[in-house]
Amino acid sequence: MKVICPNCKEVIDVKQDDKYGYCKHCSNQFVTSDALNLLVKQYKKINNYAKTQLFTNLNIDEAFSAYKSLLKLRPNDLLWNDFINRGK
């Protein structure tokens with residue numbers, strides 16, 4: 001599963017059952033649940049920003065860019081995958 005390193009903020013993969021993870025970018029060891037919480041918070045923040053850009057500001061290009069970054073956090077997000085693919 002994807003998580004965000006609490007130290008360097010890079011998105012990395014860890015095994016879902018692992019209590020601890022290791023960041024190959026900064027050599028930081030972390031608690032997996034803490035890193036997953038960071039990913040969830042970041043996802044919500046970007047998602048809210050993207051929705052504001054799309055529906056309030058009518059800035060489709062900025063929303064498109066934000067949604068692409070969401071897919072880095074959750075690559076299997078079918079809703080945003082469909083949105084991105086329609087924009088190609």
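Colleague: How are the helices α1 and α2 oriented to each other?

Modeller: Two packed helices are described by the angle between their axes and the distance between the axes. In this predicted model, the axes of α1 (residues 32-56) and α2 come within 8 Å and cross at roughly 160°. The two helices are therefore roughly antiparallel; that term covers angles over 145 degrees, while under 35 degrees counts as roughly parallel, 65 to 115 as roughly perpendicular and the rest as oblique. Axes are lines fitted to C-alpha atoms, for helices over the stretch in contact, with angles from 0 to 180 degrees between N-to-C directions. Helices (H or I, at least four residues) and strands (E, at least two) are DSSP runs, numbered from the N terminus.

Colleague: What is the handedness of the crossing of α1 and α2?

Modeller: The crossing is left-handed, a term used if the near helix is turned anticlockwise from the far one by less than a right angle (right-handed if clockwise).

Colleague: Which residues of α1 and α2 meet?

Modeller: Contact means heavy atoms within 4.5 Å. Residues of α1 including L39, Y43, I46, A50 and Q53 meet residues of α2, among them A63, A66, Y67, L70 and L73. Q53 is buried, with a relative accessible area of 9%; buried means under 20%, exposed over 50% and partly exposed in between (1.4 Å probe, protein chains only). Not counting residues up to four places away in sequence, Q53 touches L58, N59, E62 and A63.

Colleague: Where do the buried residues of α2 fall, seen down its axis?

Modeller: An α-helix has 3.6 residues a turn, so residues three or four places apart point the same way. In α2, the buried residues are A63, A66, Y67, L70, L71 and L73. They fall within an arc of 150° seen down the axis, so they line one face of α2; the arc is that of the directions from the helix axis to the C-beta atoms. On the other side, D61 and K72 are exposed.

Colleague: Which conventions apply to the numbering and the values?

Modeller: Residues are numbered from 1 along each chain as its sequence is written, and side-chain values use heavy atoms, leaving out hydrogens and water. Local features need pLDDT of at least 70 and side-chain atom pairs count only at pLDDT 80 or more, whereas totals for chains, interfaces and linings use all residues.
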